[in-house]
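Student: I have a model open and want to learn how to read it. Where do I begin?

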Amino acid sequence: MARRRMIDPNIWMSEDVARLGVLDRLLLIGMFSNADDYGKGRANPVFVRSTVFPYDDIAVSEIEKGIKNISK
């Protein structure tokens, strides 16, 4: 499985991404950078928090909200 992902510079110009809060944008980038080669990943909030924010004290409820916001 490839582990390196490039962030398309156009993400910063996306109106859909701009509607997300800053934490949700970082969560989105963290989730797709940890997805497999087919774009699939685990959406379990506890797992996502431990993978994307291993050193930050972010509540699991915030991750759950972020995942819901991204899915909209």
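**Salt bridges and cores**

Tutor: Start with one side chain. Glu62 has 33% relative accessibility, so Glu62 counts as partly exposed. Bear in mind that this is a predicted model.

Student: Which residue forms a salt bridge with Glu62?

Tutor: First the general idea. Side chains of opposite charge can pair when their charged atoms come close. Here the partner is Lys65, with the closest N and O atoms 3.3 Å apart. Lys65 is partly exposed because its relative accessibility is 47%.

Student: Why are Lys65 and Glu62 separated by about one helical turn?

Tutor: Because they sit three residues apart in helix α4.

Student: How many salt bridges does a search of the whole structure find?

Tutor: Two. Arg19 and Asp16 form a salt bridge too, and their closest N and O atoms are 2.6 Å apart.

Student: Now the inside. Which residues make up the largest nonpolar core?

Tutor: Seven residues: Leu27, Val48, Val52, Phe53, Ile58, Ile63 and Ile67. A separate second core has five residues, among them Ile11, Val17, Leu28 and Ile29.

Student: What does Phe53 touch, not counting residues up to four places away in sequence?

Tutor: Leu23, Leu26, Leu27, Val48, Ile58 and Ile63.

Key
Residues are numbered from 1 along each chain as its sequence is written. This is a predicted model: local features need pLDDT of at least 70, side-chain atom pairs count only at pLDDT 80 or more; totals for chains, interfaces and linings use all residues. Side-chain values use heavy atoms; hydrogens and water are left out. A nonpolar core is a set of buried Ala, Val, Leu, Ile, Met, Phe, Trp, Tyr and Cys residues joined through side-chain atoms within 4.5 Å. Buried means under 20% relative accessible area, exposed over 50%, partly exposed in between (1.4 Å probe, protein chains only). Contact means heavy atoms within 4.5 Å. A salt bridge is a side-chain nitrogen of Lys or Arg within 4 Å of a carboxyl oxygen of Asp or Glu. Helices (H or I, at least four residues) and strands (E, at least two) are DSSP runs, numbered from the N terminus.
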